[in-house]
Structures are given as C-alpha cells and as structure tokens.
Amino acid sequence: LHEQGSDEVVERVHRHVAEVGALIAALRAAATEEELIRLGNRLEIAEEAAPTRPHPDTPATPPWNRVVEPALGVVDKVRDAVSGRPTYLADLPDEPPG
C-alpha cells in the first residue's frame with residue numbers, strides 16, 4: 001500500500017471501531033444481563049461454525065448458506081490445524097511479523 005491508501009484504510013478501521021463501539025453501548029443499555037449472556041453464547045457458537053477463509057462463490061441466502069457455511073467452517077478449521085494457520089484471534093501472535 002502506498003501512504004495515502006494506508007491512511008484511508010486506517011481511517012476506515014477507526015470509523016468502523018467507533019460505530020461498533022456505539023452499537024455495543026446501545027445494546028448494553030437496552031438489553032438485560034441474561035439477554036447479553038444469551039447473545040454472547042450465540043456469538044461463540046456462530047464463530048465456532050463460521051468459515052475462517054473467504055468463500056465468495058458460496059450461497060449468501062437461506063437455506064443453502066446455513067447448510068454450506070458450517071460445512072466450510074469445519075473444512076477450514078481442519079486445514080488450519082494441518083497447516084498450522086491460526087484459526088482464532090487469540091491464536092495470533094501479539095506482534096505482527098516483520
């Protein structure tokens with residue numbers, strides 16, 4: 001990336017983080033603790049089933065996306081384990097290579 005392009009990427013990431021932060025604050029204000037726990041559990045289940053790589057040619061609408069995406073998630077996680085590629089954010093090193 002050249003400098004101007006990377007500045008734009010940084011700005012977009014900061015804007016996205018701010019928007020997500022505002023949504024989370026609104027969710028915390030509106031939801032009960034039980035609802036937040038339930039949503040957190042659903043998020044963990046979805047992350048476990050989700051593919052770890054982009055698959056642009058897969059279906060994007062029900063019912064096929066609900067069948068195909070978990071299957072791809074399993075395949076991706078097996079490939080990650082065999083190749084040593086990190087699957088989860090927590091698996092990444094603290095410092096980027098380089």
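So, the largest pocket: its lining is made of Ala-46, Ala-49, Ala-50, Pro-51, Asn-65, Arg-66, Glu-69 and Pro-70. This is a predicted model, where local features need pLDDT of at least 70 and side-chain atom pairs count only at pLDDT 80 or more, while totals for chains, interfaces and linings use all residues. Residues are numbered from 1 along each chain as its sequence is written, and side-chain values use heavy atoms, with hydrogens and water left out.

A pocket here is an open set of points on a 1 Å grid over the protein atoms alone, where a 1.4 Å probe fits, with protein on both sides within 12 Å along at least five of seven lines; lining residues have an atom within 4 Å of a point. This one holds about 180 Å³ of space.

Which helices supply at least two residues each of that lining? They are H2, residues 33-49, and H3, residues 64-83; helices are DSSP runs of H or I with at least four residues, numbered from the N terminus. H3 gives the largest share, four residues.

Between H2 and H3 there is a loop, and Pro-63 sits in it. The peptide bond from Pro-62 to Pro-63 is cis, with omega near 5°.

Now please turn to helix H1, residues 3-30, where you'll find Val-17. Is Val-17 buried or exposed? Val-17 is exposed, at a relative accessible area of 52%, since exposed means over 50% with a 1.4 Å probe, counting protein chains only.

Methods
Points joined across faces, edges and corners; volume = space filled by probe spheres on them. Buried < 20%, exposed > 50% of the residue type's maximum accessible area, 1.4 Å probe, protein only.
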